[in-house]
Amino acid sequence: MSAILFMGAGPLPFENTRRFSAPGGRTWQLIRPLLKDGHRVLLLALYPRDSEPVPAGAASPEKGLTCRPITRDTLRAPGALPSLLGEFRPDALVATGAESCCIAAGASGELPFWADVFGDLLAEAQAKAARCEDDHWVASFWSRFRPVLLRGDRFSAVSTPQKYALLGELATQGRVNAANAGTELVHVVHSAVPGIPYRRESRAVRGSKVGEGDFVVLWSGGYNTWADTETLFLGLEYAMERNPAVKFVSTGGEIRDHDEVTYPRFLDRIRGSPHRERYVMEGWVPRERVKDYFLDADVGINVDRFLYEGVLGCRTRLLDWAAAGLPVLTTVLCELTVTLDREGLVTAFPIGDPAALGKSILSLAGNRGSLRAMGQRFREYVFSRFTYEATTGPIRQWAAAPFVVDHRTSMDSLSPLRFDESPEELKAKLDELRALKASRAYRLFLALTGGAARSGRRGMIR
Amino acid sequence: MARILIIGESPLPFEESAPLHAPGARTWQFAKHLSGGGNEILVVALRGRAAGRGEGGAGLSHDGIPCRFIEAERASPDHLRGVCGLFAPDALIGIGLAGASLAAAFRPDLPLWADMDGDPLFETILRKESDGRLHDRWLMFRTIIRGADLLSVSSSAQRYILIGELATQGRLCAKNAGRELVFCIPPPADGLSVQSGTDAAPVRQWASSPCRTERSVAMAELTVLPWLLDREDIAAKLDELRALKGSRLLRALLAVVRVKNTLTGGGA
């Protein structure tokens, strides 16, 4: 059995916090099977800035787990990691999520390192850049991702498309090379749920904020960069105009430090609606209460924009809804929704088509009996395939005998170019170039030389 | 309708005693498909010296599509310009690593569609070629993924791989979010037939009004941190800095601007 240092995220599903995050769920998905296999795990968990404080050594329901909450700055302090490790002597390092993987890549030393890249970071960067209309996010995400590509010994992705994209990203860094030809560098670890059906403890909105006979369309979770809230809003308005029983209930909200634009924009749209009293916007609610909302709702809704983030990623919240047997109305973009649609387990509508969404809502509202039956089939399907145990085979196998890849090269190391300057000196020179090219003299220079001095490489110079 | 220069590989399927050659078949597949759409096509096929057939083709056309052949070893933008003569393309299509990298270097101002039937980086591994060769092919391939506006591949797995490769070059950015950059065009079952139906529709649609894909600057330009750049990028920037600092004209202009700013109290 191995001692595994795990860098992940909180809150974990068993913590009853108001803010639940997908990285926290993913952390638990990977850790729990490792614990069941008898490994000892020390979890260094990053918590969102706005989450409730979690005491060090928080209690966990699993034997063999020690949890230490950390912040982004914790490991920057000299000697921080040895202090956190204490007597724990890890045989391997596992990290999940962008920030944890980046921190782990820097702290991994010679430990075998499994990087769980949970969603394609560069596609997420594009989605964020588009939302913020600022491409610096692309470089910012790349700065965190590249060290992970260069350092990881094994990788996992959340979908088959992401596995291939990750292979492409690794290939550009020289990580797919002769020395590891024939080796599977990237494994798919699909999202999963604990496999325990939700039971109602109390009513969340039925009989209070919505009527017994209302048709409740539920959104749960963060309003992320990929969410097409305009289509969602217009589709709901379409349905509300035609059926007074249609209500929208939302748990979740903006994602601090990641997307603080989408949700407020959606709220602005709702404030201007003639049906605004039919939108029940609950914000983030405690984890233990969320399931009551699922059980009160008639259908869960997921609305994607077309983005590579969605093509390569996974809408994990759908699996959460399955535990409540909540039927799903969704766009079809990620591998999970493609699969569920192919199996006839969800109701689908085209991306960016509010009228189609509205009509789907009306159709489902008129056919609640078959909708419930679909929810039951959905739950059975998910519980038979997307469990922690069924999805984590590759990492469990690796954890039993973790190893470092024998030849870790990079495209840079294959380059004949070498520099005498330190990174700081190179940065100073690149800054000098940038300042020079931003100057009025340079613009005059270009005008006088007819742009002949401009690099012939397209897109290299602004 | 557009004038499209297709830079691909020989042997094309109609060449005498030519064995079926995937890049050649792919070149012809695109040429036939776009010619059928009413576009004016010129095919330039790169020929390996080993083929022993040399250059030529002036005046040759097949199925109404004019074709030229150049030796791959002599292929350069200048040479290609001479071969094209008076044909002034509106857009370029590059087929395969050699064809697409030449197309990317030939006229960087023109819209470029690159077709990559097979990933060059993974093929290098498959062929058990040296790591040095891998680096050479990477430099060619990087020119393509930085320069091409839209791309096509032959399988869905390769499509995802290419999306990942594009992403590392900063090609997935705010300006083109929500746009499909990579299309899957499977090869015809017999390797020769013109692809029809929806698979090849995107390239025909693009050819009807070829345009550049909006993009950010390259990843290298999004940051000044050297550890985010690869060595070739850093070397190129240092060369550029040296060249600019070595320019008497620019030095003079800087001095003039400095003096003017001193006199007027203005900024740079």
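This report walks through a helix, a chain interface and a sheet in a predicted model.

## Ground rules

Residues are numbered from 1 along each chain as its sequence is written, while chains are lettered from A and ligands numbered from 1 in the order in which they are written. As the model is predicted, local features need pLDDT of at least 70 and side-chain atom pairs count only at pLDDT 80 or more, whereas totals for chains, interfaces and linings use all residues.

## Helix α6 of chain A

Let's start with α6(A), residues 160-172. Helices (H or I, at least four residues) and strands (E, at least two) are DSSP runs, numbered from the N terminus. From first C-alpha to last, the 13 residues of α6(A) reach 19 Å, close to the 18 Å expected at 1.5 Å a residue (1.5 Å times one less than the number of residues).

Of these 13 residues, 12 are buried, so α6(A) is largely enclosed by the rest of the structure; buried means 20 or more other C-beta atoms within 10 Å of a residue's own, with C-beta atoms placed from the backbone. Among them are P161(A), Y164(A) and E169(A). Just after the helix, G174(A) has a positive phi of about 75 degrees.

## Where chain A touches chain B

Contacts (C-beta atoms, placed from the backbone, within 7 Å) link 64 residues of chain A with 56 of chain B. Helices supplying at least two residues each on the chain A side include α6 and α18 (423-437), and α18(A) gives the most, with 10 residues.

## The sheet of chain B

Chain B has an open sheet of eight strands with mixed pairing, in the order β3-β4-β2-β1-β5-β6-β7-β8; strands pair if DSSP finds at least two bridges between them. At the edges stand β3 (61-62) and β8 (182-184), each with a single partner strand, so one side of each is left without a neighbour in the sheet.

Two bridges join β3(B) to the antiparallel β4(B), residues 65-71, and H62(B) stands opposite I65(B) in β4(B).

Notes. Two residues are in contact if their C-beta atoms, placed from the backbone, lie within 7 Å.
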